[in-house]
Amino acid sequence: MIVSVEPGPLLEPDPVLGWRNAPGAHVVTYASGYQYSTSHTHSGTRVTRSLFEDYRYRSLPRLEIYGCSYAYGWSVSDSETFPWRVQEELPDRDVVNFAVGGHGTVQAWLRLERSLRRESLPALVVLTYGSLHDDRNVLTRRFRKAVVPYSKQTETLSGPRALLVVSELRVETVPLRYQRPPLATELALVELLDEAHCRWERAGLNERSVTRALLLSIGAQCEAAEVPLVVAGIGDDPATLEMLRALETAGIRTVDISVDLTQPENCLLPIDWHPSPRAQAEYARRLLAYLRAQGLV
């Protein structure tokens with residue numbers, strides 16, 4: 001569990017995305033004593049190279065990476081994230097890491113709408129996807145419950161919830177704060193009822209269909225703008241792989257860059273369950289191999 005961010009906060013409100021990375025350099029400390037440093041640009045992207053060399057890349061073709069804490073590189077230093085490693089391997093590209101902890105496909109959908117309206121279009125978009133994004137896209141009670149350990153960062157935030165209304169995507173804003181039922185920590189029955197409530201709500205939000213609609217819409221937006229899109233799978237679970245197959249059938253490029261996070265070398269347990277530096281290096285290796293094989297870089 002995170003106990004401090006200096007200087008804080010690590011996240012700040014965003015009127016469209018719900019929250020974004022707060023600009024500046026931060027040191028994050030866990031209860032175990034583990035620390036890592038992270039640096040964000042003035043626009044809230046995580047750095048992918050030394051700020052002293054930033055000027056060299058600004059006019060180069062832009063490779064934009066979208067995603068959640070996996071692509072952001074939660075709990076690892078800047079130079080250990082896979083977008084940083086991709087930038088190292090592609091000195092003729094401007095690699096921009098738009099990933100934010102807790103984001104899902106809905107934030108990528110909203111942010112790409114902005115990016116694809118700019119005069120300077122990206123040369124390539126890489127969207128990371130895992131089935132863990134599905135409940136984030138509809139901002140379920142289950143997801144809000146999962147971020148309770150980070151309540152100092154999230155209790156005042158709201159986020160976008162995507163909905164399918166007669167096959168049309170719409171977005172509403174929902175408070176991120178989770179209200180724990182009285183006695184939930186004392187009585188097992190109350191906790192069981194709360195879990196049942198989470199499952200009932202989740203079933204009604206139709207998260208898989210919403211996610212598929214978001215991904216297909218992103219594909220259509222990129223195609224209309226003539227910007228190549230690659231959806232990179234970060235989960236090795238059946239639900240993620242099924243979604244990648246569906247996108248391939250729809251004509252969207254996909255690549256599976258996932259690693260087995262149950263292997264000790266691929267995660268940061270017992271400190272944190274997120275991908276380790278070794279896993280981040282493997283994400284970069286697999287993504288670069290695909291991009292080069294496809295002639296995209």
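Me: Which residues does Val-86 touch, leaving out those up to four places away in sequence?

Reply: A contact is a pair of heavy atoms within 4.5 Å. In this predicted model, Val-86 touches Leu-63, Val-95, Ala-284, Leu-287 and Leu-288.

Me: How many residues has the largest nonpolar core, and which have the most contacts inside it?

Reply: A nonpolar core joins buried residues through side-chain atoms. The largest one here has 34 residues, and Leu-63, Phe-82, Val-86, Leu-287 and Leu-291 have the most contacts inside it. Among the elements that each supply at least two residues of this core are strand 6 (62–66), helix 2 (82–89) and helix 10 (277–293). Helix 10 gives the most, with seven residues.

Me: Which residues does the second core include?

Reply: That core is separate and has 30 residues, including Leu-112, Ala-213, Ile-218 and Val-231.

Me: Is Arg-93 buried or exposed?

Reply: Buried means under 20% relative accessible area. Arg-93 has 16% relative accessibility and therefore counts as buried. Arg-93 lies in the loop between helix 2 and strand 7 (94–97). Beyond its neighbours within four places in sequence, Arg-93 is in contact with Tyr-57, Leu-60, Pro-61, Gln-87, Leu-296 and Val-297.

Me: How many disulfides does the structure hold?

Reply: A disulfide requires two cysteine sulfur atoms within 2.5 Å. The structure holds zero disulfides. As for burial, Cys-68 is buried at a relative accessible area of 0%, and Cys-267 is buried at 9%.

Terms used:
Residues are numbered from 1 along each chain as its sequence is written. This is a predicted model: local features need pLDDT of at least 70, side-chain atom pairs count only at pLDDT 80 or more; totals for chains, interfaces and linings use all residues. Side-chain values use heavy atoms; hydrogens and water are left out. A nonpolar core is a set of buried Ala, Val, Leu, Ile, Met, Phe, Trp, Tyr and Cys residues joined through side-chain atoms within 4.5 Å. Buried means under 20% relative accessible area, exposed over 50%, partly exposed in between (1.4 Å probe, protein chains only). Helices (H or I, at least four residues) and strands (E, at least two) are DSSP runs, numbered from the N terminus.
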